Amino acid sequence: MTYFCGDGREADATAATRLLVSVRARLILMWTRSSVPQAQPTRTDMKIVSWNINGIRTFKAGIKKSLDALDADIICLQETKVTRELLDERTAIVEGYNSYFSFSKGRSGYSGVATFCKDNATPFAAEEGLTGLLTNHGGAVGCYGDQAEFSDEELQTLDSEGRAIITQHRIVCGEREETLTVLNVYCPRADPEKPERRLFKLRFYQLLQIRAEAILGAGGHVIVLGDVNTSHRPIDHCDPDDVDDFDENPGRKWLDHFLAGRNPEEGKAGEEGEGAGTDSRDAAGGTRGGRFVDTFRHFHPARSHAFTCWSTVTGARRTNYGTRIDYILASRGLAEAEFLDSDILPEVEGSDHCPVRGLLRCALLASPRCPPLCTRHMPEFMGRQQKLSRFLVKVGQAAAATAADSQLPGSQESGEVRENLPPAAETGRGSGTKRRPLAEPSASRNKKARTATSGPRQQGNLLAFFRPRPTGAGRGATAAGDGDPLGGRQDSPARVGGTPEESAAGSTTATRAPESSGVVPSVQPAGQDVSPRGNGLSLRRSPKENELSLPGSAQPDGPVPEEEEEEEEEGGRASQKPQHRDGEEPQRFWKSVLRGPPTPPSCKAHGEPCVLRTVKKPGPNLGRQFFVCNRPQGHASNPDARCNFFTWVAKGR
C-alpha cells in the first residue's frame, strides 16, 4: 500500500504510521490541557468590588450583564434580601462566575450577602458566617480565634442573619505565592430606638475583628469589605456637626481600634490640608492603631464629599448629602505593597449605595474546582433528588425552639425573635404541617353550610349591605317556602350564617357584627333596612331618602316600595332626580365619606408646592401628617437643597 505525505511524496507504511501517531498524540495533549483547569495567573492585576445592592432584584437588566458591567474578578454584594427557598437558578448559577450566598435563617427579604467570583478567581475555600457554626463541609477557611467571651447562643444568633461570607484565594505577589482571604460583611445598623440593636452591632464588630485578626495571624493577607454601617471620621459624613458626640460613638471608637488610626490630638480629617487623615506615627516611627488600613483614605486622604450612601426618602443623592459607610479594609502589608488604587463609584446607580472598588497588582490563581459552599453544589441546582429526611424535623428540636426564645439576646423586636432563630431551632416548617386540599368537594361544603352554627363566615360583597329592602311579595313567597331549600324556616342556621345575598332574599335580615367583637348576630325584621353601621343608608335610595334615614331624623311611616324606587331610577321622577350611570351612585357615596389629601401649601423660600409626609416614628405624633419643602435634603449652605419650611396638617382635614 502506498501513502502520500502532505507535499505529495510517496512514503512507506512505517513513516505514515509514525505521522498518524504523532498527530494523534498532539491532539490528545491539546484536549487534555483545555479540559483540565490550570492554576496559572490569567492577568497581571486584580479587581475587587463591594456593593450594597438593596435587594438582588436591583439587577433589572439581568444579573450577568450587571456583574460584567462592574468588571471585577471578585464582586461582593450585601443586603441581597433573598432566602434559600427563594433563590432561583438564574441568580445562583451565572455563566463565567461561581457564587457563594449567606441567607437570613428565618426572616424573608432581610439582610443576606453574596460573593461572585469569576472563573479565573475561583477560591480554594469558602465559608458562611464568622463563628464556624454554619460550616459542615471540608472546604472551611478555619482560624476562628478566641471566642470565649461569647456564649454559644450568642454566637449562633450573630450568624443567624446572613451577614458574612468568607472566601480564600491564592495570589502571586511578585515571585511569591500567598494566601488572600476576603471577608464580605454586612454589619448591623444601630437603631436609635432599639438599644438592644446597638449592643448587637458592637458584638458583631468584636466577633469580626477576632476572626479577621486570627486569619491574618495564620499568615497571608486579609481584606474586610462591605457595608460597615459607620462613618469613620467627620470628613466621611455630610453634616458631622449635626451628630451629637460624633467622636464618642462606639462604632467609630471600634473603627479607630480596628484601623491604623491617628493621634487624638490631630484635628478633624480634611481640615488640615493634604496630610489630614493619614496614619499617624508614634515616637518609634510605627503606625498607631490596628492592623488594617482604609484603602480609600490611603490613596485619597483629603478628598471630601466622597460618600457611598444617601437617603432615598429625601432624595439626598441629588445634592450629595450622604455618608461613607462602605469600605475596603486591607491588612497593612497588602495595602502598602499590592494596592494600586481604591475608589468609590457614585455614577453607578440602582441602590441607595454606590459600589466601591479596589485595584491590586497581584495576580490570581484559580482553584481547579469550586468549594463545597458554591451554589453549583446545592442539590436544587445539581438535578439530584434530595432525601425525604431533609424535609423532616426531629421531635427533639421542639424543646430547643422553646429554650431558644429565652436564649436570644434582645437584638430585635419581639415579633422578629422567632424569625431569626437558627435552623436547628425552627419547628413547624416540615412535613408535620398538614397541607390543606386545593379544592373541597361541593357535597362537603354544602354539608358544612347546613350544620355550621358558629365559626368564620364567608366574606360577602360590601355593596350587598346597601341593597334595597325586600318587597312584601318577596317576603310572602319566602314564608311559603318557595325558593327556600329549608322549607321557609326563618331561623335556620344557613340563613343566619349565610352570605348577605342569601339574607336579603329571606324573610329575615342578619346584622353582621364585627368578628373580633364576639357579638352574636341579631335577627331583625326585614322591614328595617340596616347597614353594617346601623345607619340605614342605601345606595339605591335617593339622597333625600338617605337623609331621612339618618339617626335623629324624621322617619317615614312605611318602607318605600321597591317598585317606586325602580320607577325613580328608570326616569319616573326625572324632574326631581338627575340620571346616573351604573356605578356612579357608589362613587358619589364613597367620595362623600373619603376625603382626598389636603391642598399642599407653597414653601416660603422657593415658592414651590410642598410634599405631604406622615410621622412614622413612635410617639405622640405618630400618624400625623405634615408638609415640608419638596426639594431634596442637603446642607444648609446649599441653595438648591430643601428649606426649613414645615407645617402640620390641621386635624380633621
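Residues 24 or more positions apart account for 66% of the contacts (heavy atoms within 4.5 Å) in the protein with a separation of 6 or more. The model is predicted: local features need pLDDT of at least 70, side-chain atom pairs count only at pLDDT 80 or more, and totals for chains, interfaces and linings use all residues. Residues are numbered from 1 along each chain as its sequence is written, and side-chain values use heavy atoms, without hydrogens and water.

**Confidence**
- The mean pLDDT, the predictor's confidence in each residue from 0 to 100, is 73 for the protein, and 57% of its residues reach 70 or more.
- Over residues 1-7, pLDDT stays under 50, and the model has 10 contacts beyond four places in sequence for them.
- Residues 543-578 also have pLDDT under 50, with 41 contacts beyond four places in sequence.

**Make-up and surface**
- There are 18 helices and 22 strands in the protein, taken as DSSP runs (helices H or I, at least four residues; strands E, at least two) and numbered from the N terminus.
- Of the 653 residues in the protein, 42% are buried (under 20% relative accessible area, 1.4 Å probe, protein chains only).
- The protein exposes about 36700 Å² (Shrake-Rupley method, 1.4 Å probe), and carbon and sulfur atoms supply 51% of this area.

- Strands β20, β21 and β22 form an open sheet in the order β20-β21-β22, with antiparallel pairing (two strands pair if DSSP finds at least two bridges between them).
- β20 (611-614) and β22 (646-648) are the edge strands, each pairing on one side only.
- β20 and β21 (residues 625-628) run antiparallel and are joined by 4 bridges.
- Thr614 has Gln625 in β21 as its bridge partner.

Definitions and conventions. Buried < 20%, exposed > 50% of the residue type's maximum accessible area, 1.4 Å probe, protein only.
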